[in-house]
Amino acid sequence: MLKSSLLAESSLPRPRPVRRRSLQLVPWAGVALLLSGCQGDRVQSSLHPAGPAAEAVAQLWWVLLTILGLYTLAVFVLTALAIFRRNPLGRRARYQGRAFILVGGVILPAVILVPLLIYSLTTTVALHQPDTGLTIRVVGHRWWWEIEYPGQGIVTANEIYIPVGEPVQLELTSADVIHSFWVPQLHGKRDLLPGQTSAFWIEAERAGVFRGQCAEFCGLQHAHMALTVEALPPEEFAAWIAGQQRPGDAPADSELADSELADSEVADSELADSELADSELGDSEVADRYASPRVAAGRSAFFRHGCAACHAIAGTRAVGQAGPDLTYIGSRPTLGAATIPNTRKNLLAWVANPQAIKPGVNMPPTHAPAEEIEAIVSYLQSLQYEREEE
Amino acid sequence: MKDVKEASEQLHQIWRKPSGFWGWFSVVNNRLLGVRFMVTAFAFFLIGGVLALLMRIQLTVPENTFLSPQTYNELFTMHGSTMMFLFAVPMLEGLAVYFLPIMLGSRDLAFPRLSAFGYWTYLFGGLVFYASFFVGDVPNAGWFAYTPLSASRYSGMGMDFWALGLSLVELSGIVAAVEIVVTVLKFRAPGMTLGRMPIFAWTMLAVGVMSLFAFTTLLVATLLLELDRTAGTQFFNPNRGGSNLLWQHLFWFFGHPEVYIIFLPATGIVSTIVGTYSRRLLGYTIITVAILVTAFVSFGLWAHHMYTTGLPELSLSFFAAASLMIALASGAQVFAWIASLWGRRPSLEPPLMFILGFLVIFVMGGMTGVMIAIVPFDWQVHDTYFIVAHFHYVLIGGAVFPLMGGLYYWIPKITGRMLNPLLGHASFWAAFVGFHATFFPMHLMGFWGMPRRVYTFPESLGIEGHNVLATIGAFVFGFAFLIFLFDLLVSLLVGERAGENPWNGDTLEWSISSPPPSYMFLAPPVVRGRHPCWHREPKGSEGDLAERASEVLWGQPTAWRGNLITEAVNATPQGIQYLPGPSYRPLLVSLGLLIAFLAVLTKLFLVTLVAAVFALGVLAKWLWPDRHVIAMLRSSELGRREGLPILVTGSRSTVWWGTICLLTILATALAALTYAYFYIRLYASEWPQTGLDPPALLGPAITYGTLLVSGAGLFWANRAFRGGKANAIQFAFTLVVLSGAAFLALAVYGLVQLPFSHRDHAYGSLFYLHSIFISLLTLAGLALVGSAQIRVWSEHEDREGSMKLQMQVTSLLWYFVVVAGVCTFTTLYLSPYVL
C-alpha cells in the first residue's frame, strides 16, 4: 500500500534498500560473475534485473545461495570426514549419533530455515500487486501475444512499451490454452488461463529492451512464443502512445482500400494515393513511403490475398481477429512473436512462407507472385508510427 | 522328522514355477514377477533414455532442425511419462515384489495372483503408451497433460493412448500398493515387530499407503480427462462451466506425493546399504519418523506446482510450513546416514559409491528444492531449466543412484553371481560425472531465460556453450548404463559365485542361498532383533509361540502353498495363510481390460462392453471361493496344531486387510469426485449452472432411502448369521438385494428424467458422474451380496472359516455403499440448498 501511494505521488526513482544490501554479498562476487555471465548482454536473465520485482527475487536468490550453499558444503565436508576418519567414539556412539542427527539434520536446519522462510514471505508481501498505474491487457494466443492498452485504445502484438519507473498493471488471459507471461528482467511468471483474467504487474527502473517468453507449454510452437518489453522514459512513452493512437493507414487510403476490388481501380488508387501523399505530407519519410506506387499496390494485394481475414489494420477495413494486429507492423522490432528480427528480408520470407520459419504456425503461405509479395512487404513496412520527437 | 533335503524337495514341488511355454503366463511367484517388473522397467528406462538423448542432440545448438517441433514435443511427453510411470515406480515396485517377502521372512506376497495381475496391467499399459508410435499420433501434451491443451480440441488421439495406457499403469500401481501394505502388515516373520522391521520395509509400507491415495486420485483425474475427450463431458472446459485448474489440483495431488513414492523406497535402499557398510544404522527411530512425516506431509504440497497460477497469498504460509517439515525430515535422514558411516571406514565398493553419489546429488537437489518452495523465487524459475535441473537432481540423484547401488548390492542375491567391481566403479564415475555435466549447467540456463519444453532456443540467450556441455554429459551418463548392462552380462556368464552373504548384510535375504530357493524359507525365521543376520539372539523359552509356529511350518505345508500370518504390530503368529498356485486368470482379466481400452481408442464401444464383461466374468471366477480348496484346508492336519488356524477371519485374515485397502481406494475415489464437484461449485457464478433449479428432494430422498433400508437389512442378516437362523438370514438377504435393486432402478430412472445431459455443462457432467458412480458401486455390491446369499443358502451349516470371512467382507463393502450413497445424496441434492 505504502509503495503504491509513493508511486502515485511521484515518478522520481524510489530509494531501494534492496540494492544496498546486495553489496554486502561480496564473497559471492566470483560466483556472481560466473552466473551473470561474461558475455555481457543477457536479454532474458532473471539475474540481470531491470525492475524492483525481479531485483527483489534476485536478491532473494543470492541470500538463498549463500546460506544453503554453505550448508551444502558443510554436509559434503561431514560426509568426507565420515568416510575417511577412524571412529574416535566408542560405546556411546548411539547417543552421540542421535544428538548429531537431531542437531545437524533437524534443529540447525530449522534455525536456518524459519527466518529464511519469514524473509521470503516478506518478499512475497513486498511484491504485492500495486493498485495504480497504466493497464495493459495481454491475451495469449497459440503462439503470439495480443497486447491491448484499453485506456488508450491501442492494440498491438508481441511488443509492450512501458514507461520507466512506473508500475504497469497487466490483465492476463488466454484465448485458447494456458500460457505463461514471463519477462525475467522485470518480474516472475504468471499464467494466462482461458476463461479467467489474472492480475499481474511489471515495472522497469531503467530504459531498455527486455525479452520475454511463454513459459507454460502451449503446443507445437511454444518455443517461438516470445515478446519484447521496451521501457521508455516517460516523455518518449507519451510520444509512443500518441504515435500509436493515430490510425495506421490514412483514412483516405482506407476508403480507397474499401472500394478497390478490380485491378483497374488499383491503378487509380495508386495515383490518387501518391498525389494525396505528396500534397499533404510533403517531404517526410513516411510520406515518401505512402507515395510509393509499390506501397499502394501492396495494399491492394494485402486485401486481395485475404490477409485481412485474420489481421487488423486500424483505419482500414482489415479487422480480422485471428492473427496479430498489424497497424504499425513496420515499427515492430520482431516478427513471428519475437522469432526473427523485423528486417525486410525476414518479412519477405515470413509473408511468402511462415511455415519455413515457424513450422505449424496458423498463418498459411501466401501464394502470390514474388513481386506482389514484395509489394505487400513494402506496404507492411510503410505502416510505421510517427516518432514525433525524432 | 524329515531331513532337510527331503523337506526342501517337497516344498519345491509345490512352489516351483509352472513349466513350459504356456506356464510362463501363469506364474504368480513373487521373485519371478519381481524380476519381470525390474527387467521391463529397465527396458523402458533405456527407451526413455534414448528419447532424452535425441532431445539433447536437438538442443545442442540454437535453432537446430534435427527434430521437428512435433517430434520434440512427442519425445519430451513420452520421456517424462516413461520415466515417471513406466520406469521409476514399477522398478521400485519390482524390487519390493522381489525382496520384501524375503526381508520379512515370508514365502511370497499376500496376494500372489494380484501381483501377476499388476505385472500384466503394467506391461499392457506401457505397450499402449508405445503403440501410439505405430499409429503415428504420439502423446504430445506433456507428462502432466494440462487441460485444455490435452483436450480433444488441441490434442489428437495420442492423448487417448496416454490416458488409457496410464489408467492401466495406475491400476497396476494401486494393486501393487494393496499387495505391499498387506504383506508388510501380515506376512512378517514371527517376532519381527514393527520396531524391528528393516527400514526398506518401512519405506514400502509408507509408499504403499501413499499410493492408495495418490494413484486413485490420478485414476479419477485421467478418467475425467478421458470422459471429456470421448464422452463430451465438460469437467475441464471453462466455456461450459468447467475448470482447467481442477485438473492441475487433481494431477498434482497425485504428482507431488508421486515424487516421494519414488524417493522414499530409494531412501530405504540407502539405509539398507549404509547399514551394511557401516555395520550399524544409527537413528532407526528418527529415520522411521522422518519417513512417516514425509509421506504424510507430501500430500499437503501439491500447490508447489501451481504458484504461477496466482494462488491466494493466505495459503502460502501453510505451504511454506509444509515444505519446512519435508526439509527437516530429509535432513534428519541425511544426518542419520552420515552418523552411521562416521568413522567406520567402509570399503568403497560400487554399491556404496552409488550411495555416496546419491548423497552429494540429493543434497544439492534438496537445497534447490527448498529454494523453489519459496514463492517469489519460484515465480522466476518455475518452468525453466532450473526446474529441469532440480528435479533431475532429486529424481536421478534421489532414486536412480540409490537404485543402481541397490542393483549392485542385490543382483548377486538374484542371480547368484557377483558383478565386477572395476566395471562397477567405471559405471559409477561415468554416471556421476556425466550427470553433473548434463544437469548442473541447466541451473544457469534457467536463470538466463531458457524455459522448459522448448524444442529450440534463440542464440541471443547466450547459452550455447552450456547446451553443448549438457549434450556431451548426457551421452557420458547414458554410457554408464551400457557399462552396467555389459557388467551384468559378463556376470551372468562368468561371474564369481556370490554365496549366501557376500556383503555381510544384516537382513533376512542374506540368510538364504543365492539365488533363493523357490519356497525361500524352509521354516519362518524367528526374529528377535533388528539385525537377524548379525546377532543370533538367544532362543526364547520352549513354549514360545514364535518358535512353535516356526517348527510347525518347518517343511510344511507340502500339499499347498502356505505362509505364516502374524499380527500386524507385534508379529505374533496368528494362523496359516493358503496361497494360490499358478493361474491364468490374472492374465485373462488384464487382457480383457486391455481390449476394452483399445476398443475405446477405436470407438468400438460394443467391443469395450464385451471385453469388460469378459474381464468381470473371469474376475468373478477368480474371486469365487473354491470348494475343493476349502475342503482340503478344512481337513488339513496342520491347522489343528499349535493353535494356528488355516481359515482365519476378521483382522487376522489378509483378505480382511485387502478389503480395508479396497475401501480406502473407493473412499479416495469418492473424495476426489466430491472435491471436483465442490471445486467447480466454488468457482461457478451460479449453481446449478445455466439457471437450472436445484434438484427436487422428495424423489431422490426415496431413492437413496432404499439404500438405508438395505443397510438395515444387512445388519439384520449379520445378526441372523451369528445366531444361526437360516430362514432369517435368507429373509434379510432378500431384503438387501431387493432394496438395492430398487435403488438401482430408481437411480437410473432419475437419470433418464433429468432435464439436462452430461454434455450441457460441468454441473450436468458432475451430476451424471456422481449418480453413475454410486450406481456402479451398488451394482458391484449387489453382486457380492447376492453371491454371499447363494453361498449361505447352499452351505448353510457352515458359519465359521471362509463363510464368516465372506460375510465380513461383504458387510464391509455394502456398508460402504450405503455411506457412499449418503455422501452422494448430500453432495448432489442437499448441498445446492445449503451452499
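User: In chain B, where is confidence lowest and where is it highest?

Analyst: This is a predicted model, in which local features need pLDDT of at least 70 and side-chain atom pairs count only at pLDDT 80 or more, while totals for chains, interfaces and linings use all residues. Residues are numbered from 1 along each chain as its sequence is written, chains are lettered from A and ligands numbered from 1 in the order in which they are written, and side-chain values use heavy atoms, leaving out hydrogens and water. The pLDDT is the predictor's confidence in each residue, from 0 to 100, and helices (H or I, at least four residues) and strands (E, at least two) are DSSP runs numbered from the N terminus. Confidence in chain B is lowest in helix 18 (residues 627-635), at a mean of 85, and highest in helix 2 (residues 30-58), at 97.

User: What is the mean pLDDT of chain B?

Analyst: In chain B, 99% of the residues reach 70 or more. For the complex, the predictor gives an ipTM of 0.92 and a pTM of 0.92. The mean pLDDT of chain B is 93.

User: In what order do the 5 strands of the open sheet in chain A lie?

Analyst: Two strands pair if DSSP finds at least two bridges between them. The pairing in this sheet of chain A is mixed, and its edge strands, each pairing on one side only, are strand 3 (154-157) and strand 8 (198-202). The order is 3-2-1-5-8.

User: Which residue is the bridge partner of A:Glu171 in strand 8 of chain A?

Analyst: Strand 5 (residues 168-174) of chain A pairs with strand 8 of chain A in the antiparallel sense, over 5 bridges. Within strand 8 of chain A, the bridge partner of A:Glu171 is A:Ala199.

User: Why is strand 8 of chain A described as largely enclosed by the rest of the structure?

Analyst: Buried means under 20% relative accessible area, exposed over 50%, and partly exposed in between (1.4 Å probe, protein chains only). Strand 8 of chain A is largely enclosed because, of its 5 residues, the number buried is 4.

User: How far does helix 16 of chain B reach from its first C-alpha to its last?

Analyst: Helix 16 (residues 585-601) of chain B has 17 residues. The expected span of a helix is 1.5 Å times one less than its number of residues. Close to the expected 24 Å, the reach of helix 16 of chain B is 24 Å.

User: Which helices are included in what covers the buried residues of helix 16 of chain B?

Analyst: The buried residues of this helix include B:Pro586, B:Leu593 and B:Leu601. Their cover includes helix 4 (112-135), helix 5 (158-186), helix 6 (199-230) and helix 17 (605-623) of chain B.

User: With which residues is B:Ala231 in contact, leaving aside its neighbours within four places in sequence?

Analyst: B:Ala231 lies in the loop between helix 6 and helix 7 (244-278) of chain B, and B:Ala231 is partly exposed, with a relative accessible area of 21%. B:Arg759 is 528 residues from B:Ala231 in sequence and 8.0 Å away in space, C-alpha to C-alpha. Contact means heavy atoms within 4.5 Å, and the contacts of B:Ala231 are B:Glu226, B:His758 and B:Arg759.
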